2 protein chains.
Amino acid sequence: MARFFGTPDGVHVGQLFINRRDLHESFVHAPLQAGISGTRAEGADSIVVSGGYADDEDHGDYLIYTGHGGNDSATRRQIADQSIEAPGNAGLITSFVQGFPVRVIRGPHRDSAYAPTSGYVYAGLFTVTSQWMDRSADGFLIARFRLDRLPEQARLVTRMPAEPDPAFATSTVTRRIRDSAMSRELKAMYGHRCQICETAIPGRDGRSYAEGAHVRPLGRPHLGGDKRENLLCLCPNHHTQLDLGGLVILNDLSIASATTLVPFSELKFRSDHQLAIDNVEYHRGLWTRPPRSTIISTSLHAIS
Amino acid sequence: MARFFGTPDGVHVGQLFINRRDLHESFVHAPLQAGISGTRAEGADSIVVSGGYADDEDHGDYLIYTGHGGNDSATRRQIADQSIEAPGNAGLITSFVQGFPVRVIRGPHRDSAYAPTSGYVYAGLFTVTSQWMDRSADGFLIARFRLDRLPEQARLVTRMPAEPDPAFATSTVTRRIRDSAMSRELKAMYGHRCQICETAIPGRDGRSYAEGAHVRPLGRPHLGGDKRENLLCLCPNHHTQLDLGGLVILNDLSIASATTLVPFSELKFRSDHQLAIDNVEYHRGLWTRPPRSTIISTSLHAIS
């Protein structure tokens with residue numbers, strides 16, 4: 001059976017489940033032990049947030065979730081680096097890239113105000129809105145995910161066998177970006193032309209479209225600024241690529257693959273616009289953290 | 001002063017205003033008579049929904065709103081065609097293309113359950129999610145807009161002078177499309193390559209991104225189907241262009257400018273995928289309705 005995304009029929013937000021087997025039998029979370037249900041090829045369809053990782057944060061409407069691997073279950077501490085190739089982590093990255101809805105289940109968690117006192121509670125559908133590499137409190141490399149709760153849950157539910165009712169299908173697409181005044185001004189300055197490929201998406205009647213792209217992402221935990229030195233005017237394709245880590249910006253403002261760091265293009269700037277290099281470095285750091293060994297040897301070198 | 005988008009400081013959703021002057025002085029809706037505040041160059045920042053047009057529909061979380069022009073205020077009937085060049089209509093189209101938030105104010109309206117019994121009520125920020133040309137009940141050409149209420153209003157408010165607090169700024173961008181199983185399947189079939197330009201947006205680690213684009217839009221009032229014969233696999237740039245009427249599909253499945261209907265590209269199909277021609281014609285009809293005179297002479301011709 002193909003992996004099932006969405007809320008199963010008969011399950012509602014807030015519903016309680018006795019244990020992991022109950023979740024499994026209700027099609028809410030298939031694995032009996034793993035916190036993430038998913039694979040790289042199919043994406044991840046559900047996660048359990050249950051306090052296994054000291055770095056997890058539950059803010060109700062959004063979560064900062066730590067991937068799996070390298071964790072000592074007895075102490076909740078990291079004892080090794082995580083990898084984005086571990087199946088659950090790779091699955092969540094696929095769900096991020098593809099925009100798949102992820103069922104979130106809260107388990108007992110001593111530090112969370114949202115956790116049930118016992119058993120598990122279905123918290124509804126979330127989407128992965130940000131993914132990056134970080135250092136855990138213990139200094140190891142961890143894969144981090146921000147998940148935001150989807151609004152209008154009832155409408156977003158994917159029914160498994162039935163044809164969706166078109167009367168209740170929303171248009172699902174909210175591509176057009178809600179802009180700040182800063183972003184509108186910048187886009188007008190560039191005549192809605194992408195600073196990478198110089199495309200302006202044509203609308204009707206002489207209108208054109210571009211997007212204001214924040215280099216260091218807005219919102220927790222990144223807290224990038226809605227300022228000109230953190231903004232680019234990009235076409236939707238290059239904006240997507242920037243947000244997915246399909247490209248990074250080097251300090252000379254050329255554009256490179258995040259994997260090879262080989263430049264393939266460059267940003268075109270007007271003379272009255274520039275990016276702050278710390279924003280560029282922050283964005284690059286989301287995908288290209290140096291391995292732990294490098295950092296250790298750097299510190300040792302500094303000490304010696 | 002530049003046009004102001006968003007909710008003014010000190011104004012809250014549900015707030016009552018005595019009359020149009022009160023709205024004007026509270027920076028909620030500047031014009032004292034016109035229903036739409038806006039221009040083509042700047043976009044529209046607010047509208048009043050007050051039952052002036054027989055074809056308006058208020059569904060609470062979304063509205064079907066008729067543009068201005070050609071209306072007889074005594075009878076509420078259309079007596080002439082509307083034009084997308086009228087300033088308010090052109091302003092709303094700009095807000096559609098640019099994704100600007102539009103303040104919605106409800107005035108007295110005898111047919112609406114959401115209207116106040118007297119005075120005006122601020123209904124919050126909406127975005128224009130669809131725009132098309134239609135025939136009014138009286139047979140004249142009208143500009144139609146669907147506006148959807150934005151979720152999480154408090155976070156979306158644009159503060160006029162102050163710097164936005166990055167801790168409260170959400171990431172604002174929800175570009176990634178929430179897919180149906182149908183759409184996921186189609187995108188996988190095309191290897192996430194756009195059916196127009198064959199681009200696949202690269203993510204990290206060998207992943208790629210495309211979007212499932214509905215030709216006849218989902219949701220009211222269009223009610224397009226979430227079916228393979230209504231879906232294309234497109235890159236974000238071409239999806240945007242399709243949604244904005246920057247391109248139309250001709251019946252031979254070539255891609256043309258909506259203005260000139262001159263083909264500039266064509267859709268590439270796999271042998272097991274095709275579009276229903278009525279969906280293609282519906283999409284084209286959103287932007288290219290024949291003028292009224294053509295229709296009349298056609299009917300006369302048919303009769304004679």
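Colleague: How is chain A divided into domains?

Modeller: Into domain 1 (16-156) and domain 2 (181-287), with bounds from an automatic or database domain assignment. This is a predicted model, where local features need pLDDT of at least 70 and side-chain atom pairs count only at pLDDT 80 or more, while totals for chains, interfaces and linings use all residues. Residues are numbered from 1 along each chain as its sequence is written, and chains are lettered from A and ligands numbered from 1 in the order in which they are written.

Colleague: How many residues of domain 1 of chain A are in contact with domain 2 of chain A?

Modeller: 5 residues of domain 1 of chain A, against 6 of domain 2 of chain A (contact: C-beta atoms, placed from the backbone, within 7 Å).

Colleague: And which strand gives the most on the domain 1 side?

Modeller: Strand β9 (residues 120-135) of chain A, with 3 residues; strands are DSSP runs of E, at least two residues, and helices are runs of H or I, at least four, numbered from the N terminus.

Colleague: Switching topic: which residues in helix α6 of chain B are buried?

Modeller: N279(B), V280(B), H283(B), L286(B) and W287(B), buried being 20 or more other C-beta atoms within 10 Å of a residue's own, with C-beta atoms placed from the backbone.

Colleague: What do those buried residues of α6(B) pack against?

Modeller: β9 (120-135) and β15 (248-249) of chain B.

Colleague: Last one: which residues meet between α5(A) and α5(B)?

Modeller: P236(A), N237(A) and T240(A) meet P236(B), N237(B) and T240(B).

Key
Contact = placed C-beta atoms within 7 Å. Buried ≥ 20, exposed ≤ 12 C-beta atoms within 10 Å, placed from the backbone.
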